[in-house]
Amino acid sequence: MRRLLALALALLMTLALAACGASGQTAEDTANPAEDAAGTAQDGGAQTEETDAAPLAEAEIQVFIAASLDNAVQELVARYAERQPNVTVTLNADSSGTLLTQIKEGYECDIFFSAGARQMDQLEADGLMVDGTRTDLLGNEVVLITWQGSGTAVTGMENLSDAASLALADGSVPVGQYTRTILQNMGLIDSALAVADITTASISDALGGVEINECGNVSQVLQAVAEGSNEVGTVYYSDACSEMDRVEIIEHISTDLSGEIVYPVARVVNGEADEAQDAAAADFLAFLQTDEAMEVFTAYQFLDHR
């Protein structure tokens, strides 16, 4: 009897322990899937983010940017280097017209960031743009500026002829093209003329003989006015804001006169690029379109055109 009782007691204890073990395991298994599901979702997001920021292979990309973008994109390149230390981004900043010419002449380029749609349209027409990569990313406006304390009598585009001298980007530069369009829409220049055919001399004549300093890009216009070499000039609002300690804005020119100002960006067909370079170019182009990048652009007074 004692043996039977002992065996029965041992069996009951074994069953109880097994039940506790099963219960504990079941509770753990029941709790963990929920935690694991949340964790998987979080980890999945983290993994996705990590995948997006996974180190790319070593590569160098050539990025051609309009001169007005220089400060903003330099800051973005520094930020991007923290994400992708293996990728070297080399910038070439100049007028969009000059950059387009360089690309057509065979300069190695992976990304073209233009200050005007005309240049990007031409790139695409020439078959030099990677299909499906174009984004009209930013906007801007043209402003008329003078140097701080100039005492100019010019109050706007309507009495531009009162200026002693005008700094003006040439006809291949988007801001120069926008300025010529403004003068056409004001009735000062024949509207039938193609913008590229409007010479500096003809603008001077239309303004009663104002001396004009023809500049190769918008940065040159800005500096010519900021240092007092020219009384007034037309630049982008974003450029003027970068030198507000040296220049002042006379007039914000309506897009009714200038037309909409758009900065398109796209990848360029680069036959010399290897797989790593193509991947880096695609990744940097995607980075330029992020909210983080847009915060930098808007801090430099560009408009979000996405």
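The structure is a predicted model, in which local features need pLDDT of at least 70 and side-chain atom pairs count only at pLDDT 80 or more, while totals for chains, interfaces and linings use all residues. Residues are numbered from 1 along each chain as its sequence is written, and side-chain values use heavy atoms, with hydrogens and water left out.

**View 1. The protein chain as a whole.**
The protein chain has 11 helices and 11 strands; these are DSSP runs numbered from the N terminus, with helices (H or I) of at least four residues and strands (E) of at least two. Of the 306 residues in the protein chain, 42% are buried. The chain exposes about 15,000 Å², of which carbon and sulfur atoms supply 50%; accessible areas come from the Shrake-Rupley method with a 1.4 Å probe, and for residues only the protein chains shown count as cover. Among contacts (heavy atoms within 4.5 Å) between residues at least 6 apart in sequence, 77% join residues at least 24 apart.

Side chains of opposite charge can pair when their charged atoms come close. A salt bridge is a side-chain nitrogen of Lys or Arg within 4 Å of a carboxyl oxygen of Asp or Glu, and the structure holds 11 of them. Four residues, Glu 75, Arg 79, Arg 83 and Glu 292, are linked in a network of salt bridges. Arg 79 and Glu 75 are separated by about one helical turn because they stand four residues apart in helix α2 (residues 70-83). Arg 79 is partly exposed, its relative accessible area being 31%.

Arg 83 forms a salt bridge with Glu 292, and their closest N and O atoms are 2.7 Å apart. Because Arg 83 lies in helix α2 and Glu 292 in helix α11 (residues 291-299), the pair ties together parts that are 209 residues apart in sequence. Both partners are partly exposed: Arg 83 has a relative accessible area of 38%, and Glu 292 has a relative accessibility of 26%.

**View 2. Asp 291 and Arg 306.**
A salt bridge joins the side chains of Asp 291 and Arg 306, at 3.1 Å from N to O. The two residues, 15 apart, link distant parts of the chain, with Asp 291 in helix α11 and Arg 306 in the segment after β11 (303-304). Asp 291 counts as exposed at 53% relative accessibility, whereas Arg 306 is partly exposed at 47%.

**View 3. Aromatic rings around Phe 302.**
Rings of Phe, Tyr and Trp (its six-membered ring) form an aromatic pair if their centres lie within 6.5 Å; planes under 30 degrees apart count as stacked, over 60 as edge-to-face and the rest as tilted. The count by this rule comes to eight aromatic pairs. Tyr 263 and Phe 302 form an edge-to-face pair, 5.4 Å from centre to centre with 80° between the planes. This pair links distant parts of the chain, since Tyr 263 is in strand β10 (residues 262-267) and Phe 302 is in the loop between α11 and β11, 39 residues apart. Tyr 263 and Phe 302 are both buried. Phe 302 also pairs edge-to-face with Phe 297, at 6.1 Å between centres and 85° between planes. Phe 297 has 0% relative accessibility and counts as buried, and the relative accessible area of Phe 302 is 3%. Ring pairs join Phe 113, Tyr 178, Tyr 236, Tyr 263, Phe 297 and Phe 302 into a cluster.

**View 4. The backbone at Gln 301.**
Most residues other than glycine have a negative phi. Gln 301 is not a glycine, yet its phi is positive, at about 75°. Gln 301 is placed in the loop between α11 and β11, and is partly exposed with a relative accessible area of 31%.

**View 5. The surroundings of Ser 114.**
Ser 114 belongs to the loop between β3 (111-113) and α4 (117-125) and is buried, with a relative accessible area of 0%. Its side chain makes a polar contact with the side chain of Ser 96 at 3.4 Å. A polar contact is a pair of N or O atoms within 3.5 Å; within protein, one must be able to donate a hydrogen and the other to accept it, and residues adjacent in sequence count only if both atoms are side-chain atoms. The side chain of Ser 114 also reaches the backbone oxygen of Gly 116 at 2.7 Å. Apart from neighbours within four places in sequence, Ser 114 is in contact with residues including Ala 66, Gln 119, Met 120 and Tyr 263.

Conventions: Buried means under 20% relative accessible area, exposed over 50%, partly exposed in between (1.4 Å probe, protein chains only).
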